[in-house]
Amino acid sequence: MTARALRPRTVTILSTGPQALVQDLGRPGHAHLGVPPSGALDPPSLRLANRLVGNAEDAACLEVLLGGLVLRANASCTVAVTGPSTAVLVNGVARDSPLHLAPGDTLTVGTPRTGLRSYVAVSGGVAVPPELGSRSTDLLSGLGPAPLRPGDEVPLGDPTGVPVGVDVLAPLRVPDELDVPVVLGPRDDWFDCPADQLRAGRWTVSDRGNRVGIRLTGTALGRTPRRVGRELPSEGLVTGAVQVPADGLPVVFLADHPTTGGYPVIGVVPAHALPLLGQARPGTRLRFSPQG
């Protein structure tokens, strides 16, 4: 057998942009250990990228913040880039996704025109060792692989499926204003007319967000008089929880959120509405629509 045949399937990271992480669909079910679910902030884009290259939908991909990723293929592979509209180049030439890379080809992912995060799937999936059943990088607990750096060689698994062909890959559109559903509770009784306050309020996504959660500026939510100045003992938090600190400005928790917290949670954003929050740039306008 030749040395070429024995060469492992990898890609080499040449540049990461602001942040590039390994993500899959996360490690739910470990909150009792203090471990967040983690995983892709935009699961539909990750699932689509995997289907396009013939991977299982839960295979590990690269989650790229605001573009700037450059990688070199060290083996023949199929690549798909999903999420918001983003320039994709192979050896400096613009290409449509999905696409084929030969050994030595370089892939460059540009800055998305809207939104924050692109997902790069490679046939075979990213094959770093799993921790607690997931290959996701968890920025809060430190589980999973470290954020990628230039020079990292990322291992790939063997391709197992057939890529799903498409004529046109429609990019994700991230609107300038989000209308976010929220189910009230468990601590909505800490607020005066909580549904009315949420419905009437207007917010903007601040620049202080990350994979743990997004902070909002705008309307301060008012507590009932008997709750002013009081705090809760720490209690469990779920992804999508809308926590309200003492200043009244909501925080929406995302995949790397802490598993407990001491501020009241006025409501929870359903899972289907979270991917767009994970793509919301600072300055995006937001309003809540209480459900039920």
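Q: How many bridges join strand β1 to β4?
A: β1 (residues 10-16) and β4 run antiparallel. Strands are DSSP runs of E of at least two residues, numbered from the N terminus, and two strands pair if DSSP finds at least two bridges between them. In this predicted model, local features need pLDDT of at least 70 and side-chain atom pairs 80 or more, while totals for chains, interfaces and linings use all residues. The number of bridges joining β1 to β4 is 5.

Q: Which residue of β9 is the bridge partner of V70?
A: β4 also pairs with β9 (residues 106-109), in the antiparallel sense and over 4 bridges. In β9, the partner of V70 is T108.

Q: How many residues of β4 are buried?
A: Residues are numbered from 1 along each chain as its sequence is written, and side-chain values use heavy atoms, leaving out hydrogens and water. β4 spans residues 69-73 and is mostly covered. Buried means under 20% relative accessible area with a 1.4 Å probe, protein chains only. Of the 5 residues of β4, the number buried is 4.

Q: Which element gives the most to the lining of the second largest pocket?
A: This pocket holds about 360 Å³ of space. Of its 19 lining residues, those closest to the centre are S38, A40, P43, T239 and L274. Two elements give two or more residues to the lining, α4 (274-278) and α2 (43-53). With 3 residues, the element that gives the most is α2.

Technical notes:
1 Å grid on protein atoms, 1.4 Å probe; cavity = no way out; pocket = protein on both sides within 12 Å on 5 of 7 lines; lining within 4 Å. Points joined across faces, edges and corners; volume = space filled by probe spheres on them. Buried < 20%, exposed > 50% of the residue type's maximum accessible area, 1.4 Å probe, protein only.
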